[in-house]
Amino acid sequence: MSKKLIPLHELPTGSFGKVKKITAEGNSRRRMLDLGLIEDTTVESLLKSPAGDPIAYEIRGAVIALRSEEASKIFIESIS
Amino acid sequence: MGLTSQSTGTGALKEMFEVQLESPNDIVVALAGNPNTGKSTVFNSLTGLNQHTGNWPGKTVTNAQGKYKHKDNKYVLVDLPGTYSLLANSVEEQVARDFVCFGNPDATVVVTDATCLERNLNLVLQIMEITDNVVVCVNLLDEAKRKKINVDLKKLEKILGVPVVGTTARSGKGLSKLKDTVEKVAKGEIKTNPKMIKYDEALELAIKEIDPLVNELIDNKLNSKWISLRLIDGDNTLLESMNEYLDFNLDKNESLNEKLNSAHENIKKQGIKLEDLRDFIVSNIVRTAENISKDVVSLENEAHNQLDRKIDKVLTSKFLGIPIMIALLGVVFWITIEGANVPSAMLANGLFRIEEQLTIFFNTIGTPQWVHDILVLGIYRTLAWVISVMLPPMAIFFPLFTLLEDLGYLPRVAFNLDHYFKKACAHGKQALTMCMGFGCNAAGVIACRIIDSPRERLIATITNNFVPCNGRFPTLIALATIFIASGTGAFSSVVATLSVLLAIILGVMITLFISKILSKTILKGLPSSFTLELPPYRKPQVGRIIVRSIFDRTLFVLGRAVAVAAPAGIVIWGMANITIGDASLLTHCAQFLNPFAQLLGMDGYIMMAFILGLPANEIVIPILIMSYMSKGSMLELDSLSEMKQLFVDNGWTWLTAVCTMLFSLNHWPCGTTLWTIKKETQSWKWTWMSFIIPTVTGIVVCFIVAQGATLLGLV
């Protein structure tokens, strides 16, 4: 049941995770919600930018790039 | 239903939104949708060139309206800003929401992307909460077909309870059905029954608690259930808008506030914290969208995005991402430089032949010499220069640039570069506004609207001028060609391209450096949140690219340049021809500026050319040539080598050329850009800053380079 939660930006490229907790607040949180990042949403880590940050994720069929500042406030359960 | 806006007395509201009605019978249709859904293609296909762009009243958000006729009715189509939601997280969302809610359109079309329906349904569901008169347009069906994604439109229509029309807007497929459906909905011939989102029990109870009172207060004018929900959510922007548009002061209503408080108490009793309310609301919407999507979308091929992924892996890869980007930019410039030569010379020849004819004509009708000189040598020759120098490169550059834009490459540029912008405490989308700046800095400044945070938007605005625009390319290219690339023979256009590329990379580095300084001083702050969508690559639409780049960009920029160049021509002609003592006014000014200019590696004439070039950067070199020839009007030299000879005769070295190029890259923005900055920032202070910061940068950079090179004995 209680699998370890990791921040989204630590999810290795090419693997999937399930959103469990979002600690962002205010506008940043609302923006994430608008992207469809709610509990149990499946997210795939797709691409790293040349500098390693930001990282692009597939969220509900769309490819969205997030900086590590934002991604570190999204906690996921890795799906193997 | 079937009530027109007049019968409900809301015609005045359309005026508040500045909807351009020709007659009161015009049908007003709002066009909503997520970004990247082809909404603008739908808009363009429906209205053609019959468009009008401006701003929403009191907001720096673009408002595009267009007209079309269908059967016997005239329609006004209002293009709302592309948004993912209507929960008013940004000005764009607020504008879109207010128009759907208070602008009282006869129908609202929501354009959705068939390849990404689930997320698009969020907006559809939110709009259906506000208004019944919704038509859902499922666009990009061709892309969906290519990716083997099936959308069951009939089923979607049944679930949503509003008409659904499938379209491929770029080829015009489905648009006539869309128009028919819009007509029926607007006239009330189709009765819709929008599916309402079912919220969590606690929320639904709270809504029920205040709904009757709200309904009474708003006099049945809006959807009371939705208003109740927004009130429970604590959406103050909606209250403000209700005051503004309907003069309802709900926030001052005591009994409503009491009810709201008790509703909030009840929600808390159910174990929901008020700060989590928004999460619950959004989760309900997202889950509803997810379920609908599961019902109507089927994938034949799970790996439908594989090609996009592969391309992205290369274009954003660690080692190749940035080199590819620079190479692509280089290719675009090379094609522009190489391709513009011949048409430029042809245009110049043609226009100067016309000049001869004009002179003959004026002589024949016996016009006084000075009138001829002002009109022909002053205005006409300046215009001829501007057109022949600017038109060909723009007519090549803008379509190429629009092609990259249409393919979906630009967001990848922002993705590649965001890290550096983050380090400068700026916004990754600043890279996109810089890309626009290559075309025209004024356009780049307007593009800064895509950055939400005011602080980061200002940084992007102030630094946009460090990207050389189309008006400055000719200067950079000409100087690079004759002073840096000369003697490289067949490769000269390649060397010139590389020099210009180097100048641009320097400009980008200066942008980052100045952004960082601004973030640490007068525009202190931390980077705001950053989310950037990387939309799927799309097959470019050649026709649309040409229309858009030629009409919207090339002719627009050229028209503006012509408008400023004509009066500038008179001033320049006057300065070169009015003599005081033994020299012209221009020479006097140049001599005054000379000591200062020498410190920066240039001379007084060059400095004067930059000053007189304030109206438009493209006339800097012509003014310079004119002053050196001191013949009193701008000349066309037959070849670049003659131009080099002229410059060398006036004391130019490679260092002069480098400093002039650097100063061209870093100096005050042109008049149009400054005017645009004033309009966008609504502030003289920031306009002034945008003037002074690049100018000081240019002075410092040129001083260091000029004095450094002299000290090291390089010249």
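This is a predicted model: local features need pLDDT of at least 70, side-chain atom pairs count only at pLDDT 80 or more; totals for chains, interfaces and linings use all residues.
Residues are numbered from 1 along each chain as its sequence is written, chains are lettered from A and ligands numbered from 1 in the order in which they are written, and side-chain values use heavy atoms, with hydrogens and water left out.

View 1. Helices (H or I, at least four residues) and strands (E, at least two) are DSSP runs, numbered from the N terminus, and two strands pair if DSSP finds at least two bridges between them. S1(A) runs antiparallel to strand S6 (residues 74-79) of chain A, with 3 bridges between them. Contact means heavy atoms within 4.5 Å; axes are lines fitted to C-alpha atoms, for helices over the stretch in contact, and angles run from 0 to 180 degrees between N-to-C directions.

**View 2. A cis proline and the confidence of chain A.** Look in the loop between S3 and S4 of chain A for A:Pro54. The peptide bond joining A:Asp53 to A:Pro54 is cis, with omega at about 5°. Chain A has a mean pLDDT of 90, with 98% of its residues at 70 or more; pLDDT is the predictor's confidence in each residue, from 0 to 100. Within chain A, confidence is highest in strand S4 (residues 55-59), at 95, and lowest in helix H1 (residues 26-34), at a mean of 86.

View 3. A:Leu33 belongs to helix H1 of chain A. Why does A:Leu33 count as buried? Because its relative accessibility is 3%, where buried means under 20% relative accessible area, exposed over 50%, and partly exposed in between (1.4 Å probe, protein chains only). Not counting residues up to four places away in sequence, A:Leu33 touches A:Ile38 plus B:Arg278, B:Asp279, B:Val282 and B:Val286.

**View 4. The mixed sheet of chain B.** This one is open too, with 7 strands in the order S2-S3-S4-S1-S5-S6-S8 and mixed pairing. From one strand to the next, the twist averages 25°. Strands S3 (residues 62-70) and S4 (residues 73-79) of chain B run antiparallel and share 7 bridges; B:Gly66 stands opposite B:Leu77 in S4(B).

**View 5. B:Arg119 with neighbours from both chains.** Helix H4 (residues 117-130) of chain B holds B:Arg119, a residue that counts as buried at 3% relative accessibility. Its side chain makes a polar contact of 3.2 Å with the side chain of B:Glu533. (A polar contact is a pair of N or O atoms within 3.5 Å; within protein, one must be able to donate a hydrogen and the other to accept it, and residues adjacent in sequence count only if both atoms are side-chain atoms.) Leaving aside neighbours within four places in sequence, the contacts of B:Arg119 include A:Asp34, A:Arg60, B:Asn34 and B:Tyr84.

View 6. Over all chains, the disulfide count is 0, a disulfide being a pair of cysteine sulfur atoms within 2.5 Å. B:Cys425 has its closest cysteine sulfur in B:Cys448, 17 Å away, so the two are too far apart for a bond. B:Cys425 is buried, with a relative accessible area of 8%, and has a positive phi of about 55° although it is not a glycine. B:Cys425 lies in the loop between helix H16 (410-423) and H17 of chain B.

**View 7. A covered helix.** Helix H19 (residues 454-463) of chain B is mostly covered, with 8 of its 10 residues buried. Among them are B:Leu458, B:Ile459 and B:Ile462. The cover includes helix H21 (492-520) and helix H29 (684-711) of chain B.
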